[in-house]
Each structure stands twice: as structure tokens, then as C-alpha cells.
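Please find below a colleague's note on the model under review.

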Amino acid sequence: MNTETIKGENKTSATGFIILGFFNQTQHRFFIYAIVVPAYVISMLGNIGFLILMFSDHHLHKPMYFFLSNLSFLDIWNTTVTVSTLLQSLLKGKTFISFPSCMTQLYLFIIALSTEFWLLTVMAYDRFAAICKPLHYPLLMNKKNCVLLAASSWITSIVDTIAVVDVISHYSFCGSNEINHFFCDPNALLKLSCSDIQNFEILVLSEGVFMAIAPFLLTLLSYVFIIVAILNICSSEGKNKAFSTCSSHLTIVFIFYGTVTVIYMSPSSMLSPEEEKMFALLYTVFIPMLNPLIYSMRNKEVKNALRNLIFRK
């Protein structure tokens with residue numbers, strides 16, 4: 001930590017932070033490590049495997065799988081960004097991270113988080129177009145539109161995140177430089193700041209509306225139309241088939257929004273730091289592991305593509 005004088009006040013600017021991880025849970029660290037490592041390996045294999053499958057089989061060159069490939073890449077990104085410091089802290093107890101590295105990790109993490117909000121919304125729109133506008137689906141979800149929808153999700157998040165991280169990077173940090181988390185989580189980081197964060201809280205509120213609530217409402221709207229369309233289908237077989245195309249996406253939406261809402265949109269007193277870390281493990285390690293499994297378990301096209309790839313090899 002180094003000290004600088006700003007407007008007559010002594011403030012401290014961090015040169016780096018200590019990531020505590022699960023340091024206070026010494027008796028559980030090996031157990032957590034034994035769960036996280038296999039989950040991380042399965043997540044990497046599942047998501048990389050899905051990307052290979054998607055690009056190698058022309059039967060999967062469809063809008064839904066194009067967006068799923070973006071989600072798989074995003075899961076690889078998110079998990080790798082956060083698990084690096086998690087594994088170090090589990091092995092060492094504590095780990096040091098420089099201030100630039102912390103801000104980089106924070107930036108990459110928020111990009112992944114906000115992009116996933118928008119990607120899930122785009123995927124809901126894809127299901128809406130397939131079920132509610134089947135005759136117009138090839139036009140609505142042509143290759144150009146799919147690329148534009150995916151690119152807008154990424155670009156919006158990348159540009160929008162700059163403002164959030166820029167504000168945090170200019171804050172001063174006093175006293176302890178120990179982050180009670182397993183990565184540079186924004187909530188844990190701000191607890192160390194001695195700057196006035198009132199303006200930042202207003203920024204976070206506006207960003208939350210744009211990057212989380214707006215995508216959620218659009219996703220919800222898509223499913224309102226989807227449910228109405230499914231209820232108007234006469235045959236039960238048709239209803240089951242239509243619902244089965246949405247069930248995997250709905251499962252991921254509920255799990256993802258549920259965990260993120262509990263951590264970032266609930267009162268700070270609701271969860272202890274240890275509970276926050278356990279919930280954070282869900283969306284940084286376990287949801288990325290589950291995504292390829294959930295989307296492929298009941299998907300005949302993915303199973304057939306995997307079977308063809310194995311036999312071809």
C-alpha cells in the first residue's frame with residue numbers, strides 16, 4: 001500500500017490485494033479443492049467439446065447452437081478468470097494479486113456476467129421466433145441477424161463495463177488490503193474503499209437496470225408470448241415438443257438469475273461473506289459445468305453429432 005495526499009486528506013491507494021479465498025475455513029479447504037478441480041475440468045471439457053462439436057458438424061450450424069457456442073465460450077472465459085485465484089488461495093491459504101491484475105480480473109468478470117444476461121435474452125428471442133413466428137424464422141434468424149445479436153451482446157457489455165471499472169480503479173483504499181473473496185469481486189472490493197461510493201451506488205443501480213433487469217424483462221416477455229403460443233397448440237404432442245425446446249434454456253435462466261440476484265441485488269446484510277463465496281461458486285464454477293450437460297442431455301441433434309464424431313474418429 002502507498003500513501004498519497006488528496007485535498008489535504010491522507011488516503012491510501014492499493015498497490016495490490018491479498019485474496020483470502022476460503023482462508024477462514026481451513027478444515028474445508030481440501031474438500032472445496034477436491035470439488036472445484038473436477039468441476040473445473042468437466043466444465044472445460046464440456047464447453048470446449050461443445051465448441052468442437054458445433055464447428056465440426058453441419059447439422060448444428062443453426063441459430064440456437066450458434067448462441068450456445070457463444071455461451072460455451074463465455075463459460076470458459078468466466079470460469080478461467082475467477083478459478084485461477086480460487087485455486088491459488090485454496091492451495092496457499094492466501095494469494096497476492098497486483099492492483100492492475102485485480103482491475104483486469106474485475107473487468108473480465110463483469111463483462112462475462114453482463115454478456116450472459118444479454119445472451120440468455122437473445123436465446124429467449126430465438127425460441128420466441130421459432131415457436132411464435134415459425135414461417136418467418138429463417139428470415140428473422142438468418143446468419144447476419146444472428147451475428148448482429150451475438151455481437152451486440154458482447155460489444156454492449158465490453159463498452160458498458162469500462163465505466164464501472166474506471167470508477168472503482170480511481171477509488172482510494174484504506175487500512176486492510178485483504179479481499180474476503182476468492183477473486184476481485186466488486187462487492188468485496190468496495191468494502192475496502194475509504195472513498196465516498198454514493199455516486200458509484202447510483203451508477204451500479206443504473207447499470208443494474210440496463211444490464212440485468214432490462215434483459216430479464218425482455219426474456220420474460222418472450223416467454224409470455226411463447227406460453228400463449230404453446231397453449232394454443234391443439235395436440236399434446238405438439239405442446240410437449242414446443243416446451244421441450246425451451247426447458248433447457250429456462251432451467252439455466254432460473255439458476256443464473258437466482259444466484260446472481262441473491263448475491264448482487266439483495267441487501268448486503270442478508271448473506272455472510274462465507275455464504276456469498278459459496279453462492280459465487282455456483283455461477284463461476286458449477287453453472288458453467290452444468291450448461292453443456294443441460295443443453296445436451298435431452299437434445300437428439302447434439303447426441304447424434306457426438307455419436308457421429310466418435311464413430312468418425
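**Notes on the predicted model**

1. Residues 65–86 are 100% helix and 0% strand, with 31 Å between the end C-alpha atoms. Helices are DSSP runs of H or I with at least four residues, strands runs of E with at least two, both numbered from the N terminus. The model is predicted: local features need pLDDT of at least 70 and side-chain atom pairs 80 or more, whereas totals for chains, interfaces and linings use all residues. Numbering starts from 1 along each chain as its sequence is written, and side-chain values use heavy atoms, without hydrogens and water.

2. Residues 106–125 are likewise 100% helix and 0% strand, and their end C-alpha atoms lie 29 Å apart. Both segments are among those listed as "transmembrane region" in an unreviewed UniProt entry, which also includes 209–234; such annotations may be inferred rather than shown by experiment.

3. A surface patch of positive charge comprises Lys241, Lys300, Lys303 and Arg307. Patch residues have over 30% relative accessible area and no salt bridge, with like charges joined within 9 Å and nonpolar side chains (Val, Leu, Ile, Met, Phe, Trp, Tyr) within 5 Å. A salt bridge places a Lys or Arg side-chain nitrogen within 4 Å of an Asp or Glu carboxyl oxygen. Charge positions are NZ of Lys and CZ of Arg, and Lys and Arg count as positive.

4. Helix α10 (residues 300–312) supplies the largest share of the positive patch, 3 residues. Lys300 lies in helix α10 and is exposed at 67% relative accessible area (buried is under 20%, exposed over 50%, partly exposed in between; 1.4 Å probe, protein chains only).

5. Leu205, Val209, Ile213, Phe216, Leu217, Leu220, Val224 and Val228 form a nonpolar surface patch, together about 690 Å² of accessible area (Shrake-Rupley method, 1.4 Å probe). Leu217, in helix α7 (residues 198–231), is partly exposed at 48% relative accessibility.
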